[in-house]
Every structure is written in structure tokens, then in C-alpha cells.
Amino acid sequence: MKVLHKAAAVFSIAALAVAGLAGCGNSSDGSGVATSGDSNAKIKIGYVPSTMNNPFWQAILDGVNAEVEGKSVSVQSVDPQADQSKMNDMVGDLIASGVDAIILGPYDTTGVQPALQAAADANIPVINIDTPVDDLDLVKTVVASDNPKAGELVAEDMMKKIDKGSEIAVINCPAGQACIQRLEGFKEKAGDYFNIVQELDGKGELATSLTLAEDILQSNPNVKAILGINDPMALGAVQALAAHPEMSDVLVYGVDGSPDGKQAIKDGTMTGTGAQSPDEIGHKAAKAALDVIDGKEIEKNIVVDTFLITKDNVDEYGTDGWQ
């Protein structure tokens, strides 16, 4: 989900903090661009997530760094902070810096168009990750989780646990195509089984979703489940429910399989999550970028499988990292 700002004008504390965790010799030049990999690299790849205020994007970056380790490649990462106009400007800065390819996860699939066009005009290939952009002609490939399947798996499990006609609420992030696909998969599988009483925009963030979930619980005392279209939004619902012990039977589902989400499942405060493998997305995206730079043909769609994590299998995946 994703965007760029003048790197010289933006300094993200969050970007620096996560960069220090990624290993592979990460550093920052003070402009808001964090660099990892070979400092004398022949190949430079730009990494443009929608935000670094979500561990999912750091996990993808970890996969990118692992894929290029030992190669003459550097990775320049930025943090648009969920602002598409910043993202577009940051892409422009990466182009000006001479990157050979850009790995990009848009925040706004339509609003990212100027950045994609600028890259195309500069003959710099874009590897689109996580959320497909609107104009697929401007990207070399889309590397993304099977998002509809993640939604379907959540619906299947929820239908097993609560009765037909039950009231449920959804905290979505409609700016992101991946989120749209997850909800579409959920609704297609569930059909008319549930009564969706509220569908709100949590912006993909825990704090925003906490406030929304509190409103949901206050206005819908009979709600039986809350679906967060990513784990941070689901965890916002978990936190809201902590203040309502009388509603302890409300189910909460997310999509991600984040360490925090899995810990909540293990603790019994979250029911399940349609899990992704961001490390795998990072590996495949970096490989696709290197293949394109090398003149090789690549598939237009590279799909990474999704699966359901619940209390029954959470110990198989652990809570100290992504799967």
C-alpha cells in the first residue's frame, strides 16, 4: 500500500529506527534514505514501501536484503509515511540518484501513477509489491500475496465459529488494492452468511482502528466478530475489547501473520489471521529486479501463497518473527 517525498526534505525517525534492525550494513546519509548492502555496488535498487510504520514492510526489506547479500548490490530505502505525494517525490529523488530498479508498494494505487510514469520515462523498471497498481503496463511484475485467498480462509474459519446472520464489523483500508482483494475474498466466500453492520476505514493503522473499534463496540452491542483487513487494524480491535470484558466472546481476525498478531492469537485475544510471508515477497521482488536488470524475461504476476494461523497451529510458526 504506498508513496514518495523529496528525500532531502524528509527525515523519518521511523525509517532510521527500522533500518538499524535490518542488518546487512544499513546506514543513512541523513536525507531520509537508508542504504544497505554493498557500499561500492555496481547495481542500486530503490525500496519504496507505503510506510515503515508497519513491521510487514520491514520484513519485506529484510527479504530484499537477504536476496542481494553477497552481490554487488545496494538497496536504498525510504519511508513515505503513508503519504502518496511524498512517495511520488521520493521516487523522483531515487530516479535522480541513479537507481537501476525500484521495488515499490503503493499507498494509493491511482495516485502513484506520476511516480510510475516518471520511472518509465527514465527507463527504470518498477517491481510492484503487495498491492497491484492501477496501470499495470507501467510495472514489470506484481509480487504479491494471494490476498483473495487470505480473505476466504478467514471467512471459512469465522463461519465455523459463529451463527449465520451474526452481526460483524469490518475495519478496512480501501486505499490499498491488497486490502480490497482480501475483503472481496472474504465476502465472496461468506456470501450472505453474516450481517456486516459497519465497514470503516482504519487507514491500515492500529491507533486509528482502536478508536473505530471502540465506536463499533459502543454502537453495536450484539456484534460477534470484527475483521481487521491487516493485523495492526485487528490489534486495534483487540485493544478496544480489552476495555469491554463483557464482550470477551467477540472474535477478532486479521490478515498478515505478524509477530504481534500471532502473539495475540497465542494469548487468546485474537482468533486468527490470514498469514502472509513478507520475507518471501522481498526475496522474489529482489530476484525479479535483478533479473530485469540482467535483461531476463519475468512473469507478470508472481503470487506468494497465504494460509490461516489460529491457536491450533500458531506454535508451528512462532511469535518472534514472520513466516
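Axes here are lines fitted to C-alpha atoms, for helices over the stretch in contact. Keep that in mind at the first stop of this tour of a predicted model.

**Stop 1: helix 2 and helix 10**

Select residues 55–68, which form helix 2, and residues 278–293, which form helix 10. The two pack at an angle of about 45 degrees, and their axes lie 7 Å apart. That angle makes helix 2 oblique to helix 10. Their crossing is right-handed.

Now show side chains. From helix 2, pick F56, A59, I60, D62, G63, V64, A66, E67 and V68. They meet P278, D279, I281, G282, H283, A286, K287 and L290 in helix 10. Colour this contact by residue class: ten are nonpolar, three polar and four charged.

**Stop 2: helix 5 and helix 6**

Move on to helix 5, residues 147–161, and helix 6, residues 177–190. Here the packing angle is about 40 degrees, with the axes 7 Å apart. Helix 5 is therefore oblique to helix 6. This crossing, too, is right-handed.

Which residues of helix 5 meet helix 6? They are N147, P148, G151, E152, V154, A155, E156, M158 and M159. Across from them, in helix 6, select A178, Q181, R182, G185, F186, K189 and A190. The residues of this contact divide into eight nonpolar, four polar and four charged.

**Stop 3**

Switch to a cartoon view. Look for an open sheet of six strands, in the order 9-8-10-11-12-14. Its pairing is mixed. Which strands stand at the edges? Strand 9 (195–201) and strand 14 (307–310) do. Each has a single partner strand, so one side of each is left without a neighbour in the sheet. On average, neighbouring strands are turned by 20 degrees against each other, direction ignored.

Zoom in on strand 8, residues 167–172, and strand 10, residues 225–228. These two run parallel and are joined by four bridges. To see a bridge pair, select A169 and its partner in strand 10, I226.

**Stop 3**

**Last stop: confidence**

Colour the model by pLDDT. The mean for the protein is 90, and 90% of its residues reach 70 or more. Then select residues 1–30, where pLDDT stays under 50. For this stretch the model has 101 contacts beyond four places in sequence.

How values were computed:
Residues are numbered from 1 along each chain as its sequence is written. This is a predicted model: local features need pLDDT of at least 70, side-chain atom pairs count only at pLDDT 80 or more; totals for chains, interfaces and linings use all residues. Side-chain values use heavy atoms; hydrogens and water are left out. Axes are lines fitted to C-alpha atoms, for helices over the stretch in contact, and angles run from 0 to 180 degrees between N-to-C directions. Angles under 35 degrees count as roughly parallel, over 145 as roughly antiparallel, 65 to 115 as roughly perpendicular and the rest as oblique. A crossing is left-handed if the near helix is turned anticlockwise from the far one by less than a right angle, and right-handed if clockwise. Contact means heavy atoms within 4.5 Å. Ala, Val, Leu, Ile, Met, Phe, Trp, Tyr, Cys and Pro count as nonpolar, Asp, Glu, Lys and Arg as charged, and the others, Gly among them, as polar. Two strands pair if DSSP finds at least two bridges between them. pLDDT is the predictor's confidence in each residue, from 0 to 100.
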